[in-house]
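The following note comments on selected features of the model shown below. Please read each point with the structure in view.

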Amino acid sequence: MTAGGAVHLGPSVALSEAGHRDLAYVLHTSGTTGLPKIVKVPHKCILPNILHLRSLFEMRADDVVFLASPLTFDPSVVDMFLALSSGAQLLIVPAVIKKKPRQLVHILFKAHKTTILQVTPALLVQFGRHILKEEVLSSGSSLRVLALGGEACPSPSLLRSWRDKDNKTHIYNIYGITEVSCWACIYKIPEFVLQSGDPSVTFVPLGAPLMDTVVEVRDEHGCIITEGEGQVFIGGEDRVCLLDDEDALIPWKMRATGDWVKVTDTQLCFLGRKDRLIKRHGKRVNLDSLQQLILSLPMVEACAVGLYGGLRLLSFVVVSACDDQRPASPLTSTREHVEQPITGEQQEDLSPSVNEMSGTDRDLSKLLRSQLSLRLPSYSVPDTLLVVPDLCMTPHGKTDMEALMKIYESQRRCLLSASSPADITKLKEMLQSLWQETLGLPEDVIVDPDSNFFLSGGDSLKALHLCEDIVTAVGSTSPELLEVIFNGTFSDILHHVAGAALTPPLKNSPSSLPEVKKRHANASPPMAAKRRSTAAAEEERPFKVISRAGHVSEVKMKHLETISNFRTRALGGESCRDTGGGDLSLKQSWSSDTGRCVDASPVLLVQEPTDQRSHDSKTTVFIGSHSHRIQALDLTTGSLLWERVLGDRIEASAAVSHCGRLVVVGCYDGWVYFLCAASGKTRWTFETGDAVKSCPAVDRLTGLVMVGSHDGHVYALDPQVEQCVWRRHCGGGAVFSSPYLQSSVRQLYVASLGGHLLCLDADSGDILWSYSRDVPFFSSPNVTSAHVLIGSVDGNICCFTNAGKLVWQFLTKGAVFSSPCITSDQQRVLCGSHDGCLYCVNCADGSLVWTFRTTGKVYSSPCVFDGAAAGRSGMLVAVASTDGTLWILDGHDGKMLSSFTLPGELFSSPVVWGRSLVVGCRNDSVYCLKLTVDEDNISSCNSCQSGASGNKT
């Protein structure tokens, strides 16, 4: 370790096993909670599980253990060796019997007197409340131990409803992951909890770690916590398995589970997987908790809750039969309708889950929704509640959400097929029906053509549902549809949909929006199409793009004399004399309200005149917001040039295409939008598999746009031919950060939340090298001619060679989400940390140059710029802290020169051009601040004719 805090690393050393002779078994995960994996389990990893559980369950030779899990699911290994190591019986039944609750319960508890049962809650629910109470958990049941694992444990109140008051079965909640086979925690539910009706006991804890197992809870920054919410990590000295291509066992390796818990008084309350914790109307909804609440309703036998298309909240419900009789097979009663073709003879016999719901099911659905509305806030009530005969199950006994979603899709197709639009009249009837259904209006209400969706009782979430239903019904999509719903009338929506559904689309012809009422009354109307001669001149207009972390990219004119003039003016934005001193201050110039918080960072497009004698340069700010809006603003005045409403909130920063005519931005709806920089009109859209929070990288040589997605891929898109040229999976985890293109060597650097840093061939997407850590990369990579730099959640600023070798890492005292910013001489790197500091580090060896402590956390990226435009000599640094404060520092020693506090949190990165600093704020606004000096310096600058620059990075 150097004096500055950098650690020089030699070759990594791992404990390697001699071959695979110590492996107990190998299995393949199902992929229900992530990507499928091959898991190789050593004897010493699984043995502590069997020994500890055998002791806890007090196994005896006269026990009967039911092999509930298939051999492809690792709990089967525990079942087998619990029995074999105790001299007990192992009861194995044909798979077909497991699908027949009444036959199975007879075999288990009448014929063989089963004493040990280890199952998933979903599999247990298939018995039904009556069988559970009368047979499985009856007063005279043979069952000594019931261990529930693999899914969230049912609530104490639900367990009580399944159990006879005189039942003596010991019930355990067991928790673990296949990647650290098999179980990690166990909790024996006390008898008083099962007997009492105490409403204050609402959850069953995960319990204490099993033998040789270490369980940690880490917050979103990777820090171990003892109170609050975080992700579970599991490991131990010998509790380590080999995943996929791993060939070395690393003792004490902690595996991330993807499961989130709340730690209260040392107890772990299971919240669910991260993808089961969603936000609706800005409020958090726990799908597992919602599922448990629905299960508590008296009429509900079983329930599954899921999110369809990332938007519509669905609940699949099995209701209690009046005579307590249930269908013979839960797998054939629903899944086979989805997977098997439907013949004409079968059409009339379809269950309500696939064909149009019967009146009884509709009444039940409305009744259940009304009961939920009394118990839940509106944003937690499912949008659609489907009554199904049984829940589909995976072979491992877990709820098969994919099969249930197919049932929903099949039902929607049947419901909408009768009203498929063939002409404008049928289209209007269909649209009116969807409008009434979405807003909860009676069927006899006539929709006025001039009705506005929001003024009729709609909100943003309902607008998204209406948009989804229209797209499904007409069988075609339009990126502008949501904006028409937001801003237009019923008549506007009808005409827009008719244009998309009834008119064959022209290839490469962008659709146009109707003239609808805009949110800003003073907004300029979209620009008219320019004449061919004007468009040709626009193509040759030189421009610069200024983005976060001080990145500046330029496109020069073809004429040499214009290049020189452009360089002089573009570097500073506003020419002024270098005064070398003077008091520096920040003053607000303008702000623009976007409607919701602004986490995206601004990007500036500086367009220079084509004629060097002209001074009509123009700078436009592009920035998105959680309100689904992206705005184009004039840097000088702050006036709104145009505004677009996209399909979901925008956290990603925008980019400008290599021609300067397109703005490219990713959206939470999974689409990448290519918009006209002059008017905001859509030129092309591309759909990824999940939300896009990554800022695109633009290849100035080829025109390709490279962007990451939460689906784990990075895409190379060609807007000229409107095609995806290549895509690359980044090794696991969403791609949150922004790719960096080193155009000179044709290398693209991209990082993922799975802890992977990859170097890709920019032209083919092939992996040139990769590096992995056990913690996510939220930070975006940045490069010098010789090094690649990135921040890590474990608190390190990491430096690699361009061949992928780790050179040094500088440890801060907090997680690093900030992206590194490199000085123009490539000698220093600046990066923020959640410890509240901005660090300036030497690029060569990682030694500390200076530190500046802010009054909050530093989440965003600093911006390095030349101080001459602001009347100061040398390099200046702009940095934002999350408490809302902006700081201007001397880049040489980190001394504070000025600060300014905004009325909201700052997660957006500041961008400086000339005297202007632009940043987004969580109080819903975009701000432009002016850097000013004292009166004497201002006078000197105003009399200047030319000078040095403000963004020389």
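How many bridges join strand S14 (residues 255-264) to S15? The reply is given in point 2, after a remark on the basis of the model.

1. The model is a predicted one, in which local features need pLDDT of at least 70 and side-chain atom pairs count only at pLDDT 80 or more, whereas totals for chains, interfaces and linings use all residues. Residues are numbered from 1 along each chain as its sequence is written, and side-chain values use heavy atoms, with hydrogens and water left out.

2. Six bridges join S14 to S15, and the two strands run antiparallel. Within this pairing, Trp260 has Gly272 in S15 as its bridge partner. Strands here are DSSP runs of E of at least two residues, and helices are runs of H or I of at least four, numbered from the N terminus; two strands pair if DSSP finds at least two bridges between them.

3. S14 and S15 belong to an open sheet of four strands, ordered S11-S12-S14-S15 with antiparallel pairing. Its edge strands, each pairing on one side only, are S11 (214-218) and S15 (267-273). From one strand to the next, the twist averages 40°.

4. Five antiparallel bridges link S29 (residues 662-666) with S30 (residues 671-676), and Gly666 lies opposite Val672 in S30.

5. Helix H1 (residues 43-56) packs on helix H2 (residues 75-84) at an angle of about 55°, the axes being 10 Å apart. H1 is therefore oblique to H2 (angles under 35 degrees count as roughly parallel, over 145 as roughly antiparallel, 65 to 115 as roughly perpendicular and the rest as oblique). On the H1 side, Ile46, Asn49, Ile50, Leu53 and Arg54 meet Val77, Val78, Phe81 and Leu82 of H2, contact meaning heavy atoms within 4.5 Å. The residues of this contact comprise seven nonpolar, one polar and one charged.

6. Is Thr114 buried or exposed? Thr114 sits in the loop between helix H4 (101-111) and strand S6 (116-119). With a relative accessible area of 0%, Thr114 is buried (under 20% is buried, over 50% exposed, and partly exposed in between, with a 1.4 Å probe and protein chains only). Apart from neighbours within four places in sequence, Thr114 is in contact with Val64, Phe66, Leu91, Leu108, Phe109, Ser142 and Leu143.

Notes. Axes are lines fitted to C-alpha atoms, for helices over the stretch in contact, and angles run from 0 to 180 degrees between N-to-C directions. Ala, Val, Leu, Ile, Met, Phe, Trp, Tyr, Cys and Pro count as nonpolar, Asp, Glu, Lys and Arg as charged, and the others, Gly among them, as polar.
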